[in-house]
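Me: I would like to learn how to read a protein model. Can you take me through one, feature by feature?

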Amino acid sequence: MSKYLKIIYCVAICLAVGYLSSNVTQSSIKTWYPTIEKPIFNPPNWVFAPVWTMLFILMGIAAGMVWNKLESNKELVKKGLLFFTAQLLLNALWSYLFFGLNNILLALIEIILLWLIIYETYYIFKQVDKKAGYLLIPYLAWVGFASILTGSIYWLNR
């Protein structure tokens with residue numbers, strides 16, 4: 001598979017996970033989510049879709065770039081892609097816990113684990129391909145913000 005096809009494949013997978021996660025979110029955005037207390041720094045709902053779309057694209061590009069280094073650093077690439085897969089699954093799980101189950105505490109615990117796995121993915125990706133690692137920095141920052149937001153929502157609704 002060509003290096004560009006690997007990147008396109010990874011972007012498509014990330015966008016598919018994002019799309020499936022958004023399906024869980026949709027009903028709660030109109031029913032449960034408006035009824036809970038949120039902090040003053042909570043972004044408007046329209047911000048989330050474009051931000052997540054851009055993050056999923058950057059994540060996919062980063063994963064594809066790392067995949068392209070498989071021949072030169074097999075063990076580290078495999079480890080990085082394993083962590084990448086784990087964080088992608090945890091990303092989807094957060095939407096289910098928060099919006100599907102309306103379980104803010106469980107979502108808070110899970111998002112902390114998610115951030116740690118993203119950081120490990122970033123650390124490994126940076127060793128394989130510095131640019132691929134850097135592409136994960138906006139994702140780390142956003143999930144850091146989302147962690148604070150989730151913690152604040154938990155605190156306000158406990």
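**Reading the model step by step**

Reply: Asn102 counts as partly exposed, because its relative accessibility is 31%. Keep in mind that this is a predicted model.

Me: Where is Asn102 placed?

Reply: Asn102 sits in the loop between helix 3 and helix 4.

Me: What is the phi of Asn102 near?

Reply: The phi of Asn102 is near 55°. That is a positive value, and the residue is not glycine.

Me: Which residues is Ser95 in contact with, leaving aside its neighbours within four places in sequence?

Reply: Ser95 is in contact with Ser21, Val24, Thr25 and Gly100, once neighbours within four places in sequence are left aside.

Me: Is Gly80 buried or exposed?

Reply: Gly80 is buried, because its relative accessibility is 0%. Gly80 is in helix 3. Not counting residues up to four places away in sequence, Gly80 touches Thr121, Ile124 and Phe125.

Me: Sequence and space are two separate scales. How many residues apart in sequence are Gly80 and Tyr122, and what is the C-alpha to C-alpha separation?

Reply: Gly80 and Tyr122 are 42 residues apart in sequence. In space, they are 8.3 Å apart, C-alpha to C-alpha.

Me: What separates the C-alpha atoms of Ala63 and Asn42?

Reply: A distance of 30 Å separates the C-alpha atoms of Ala63 and Asn42. Along the chain, Ala63 and Asn42 are 21 residues apart.

Me: Let us take the two ends of that pair in turn. Where is Ala63, and which residues does Ala63 touch, not counting residues up to four places away in sequence?

Reply: Ala63 is in helix 2. Its relative accessible area is 1%, so Ala63 is buried. Not counting residues up to four places away in sequence, Ala63 touches Cys10, Leu81, Phe84 and Phe125.

Me: And where is Asn42 found?

Reply: Asn42 is found in the loop between helix 1 and helix 2. Asn42 is buried, because its relative accessible area is 17%. Leaving aside neighbours within four places in sequence, Asn42 is in contact with Tyr33, Leu149 and Ile153.

Me: Next, the surface. Is Lys131 buried or exposed?

Reply: Exposed means over 50% relative accessible area. Lys131 has 61%, so Lys131 is exposed. Lys131 is in helix 5, residues 130-135.

Me: What about Leu106?

Reply: Leu106 is partly exposed, because its relative accessibility is 38%. Leu106 lies in helix 4.

Me: Which residues form a nonpolar patch on the surface?

Reply: Met1, Tyr4, Leu5, Ile8, Tyr9 and Ile13 form a nonpolar patch on the surface. Together they have about 670 Å² of accessible area. Take Tyr4 from that list. Tyr4 is in helix 1, residues 3-30. Tyr4 has a relative accessible area of 56%, so Tyr4 is exposed.

Me: Last, pockets. How do I see where empty space is left?

Reply: Rolling a probe the size of a water molecule over the atoms shows where empty space is left. In this model, the largest pocket has a volume of about 700 Å³.

Me: How many residues line the largest pocket, and which lie nearest its centre?

Reply: The largest pocket is lined by 29 residues. Thr25, Phe48, Ala49, Trp52 and Phe99 lie nearest its centre.

Me: Which helices each supply at least two residues of that lining?

Reply: Helix 1, helix 2 (45-67), helix 3, helix 4 (104-128) and helix 6 (137-157) each supply at least two lining residues. Helix 1 gives the largest share of the lining, eight residues.

Key
Residues are numbered from 1 along each chain as its sequence is written. This is a predicted model: local features need pLDDT of at least 70, side-chain atom pairs count only at pLDDT 80 or more; totals for chains, interfaces and linings use all residues. Side-chain values use heavy atoms; hydrogens and water are left out. Contact means heavy atoms within 4.5 Å. Patches are made of residues with over 30% relative accessible area and no salt bridge: like charges are joined within 9 Å, nonpolar side chains (Val, Leu, Ile, Met, Phe, Trp, Tyr) within 5 Å. Accessible areas come from the Shrake-Rupley method with a 1.4 Å probe; for residues, only the protein chains shown count as cover. A salt bridge is a side-chain nitrogen of Lys or Arg within 4 Å of a carboxyl oxygen of Asp or Glu. Buried means under 20% relative accessible area, exposed over 50%, partly exposed in between (1.4 Å probe, protein chains only). On a 1 Å grid over the protein atoms alone, a cavity is a set of points where a 1.4 Å probe fits but cannot get out, and a pocket is an open set with protein on both sides within 12 Å along at least five of seven lines; lining residues have an atom within 4 Å of a point. Grid points are joined across faces, edges and corners, and a volume is the space filled by probe spheres set on the points.
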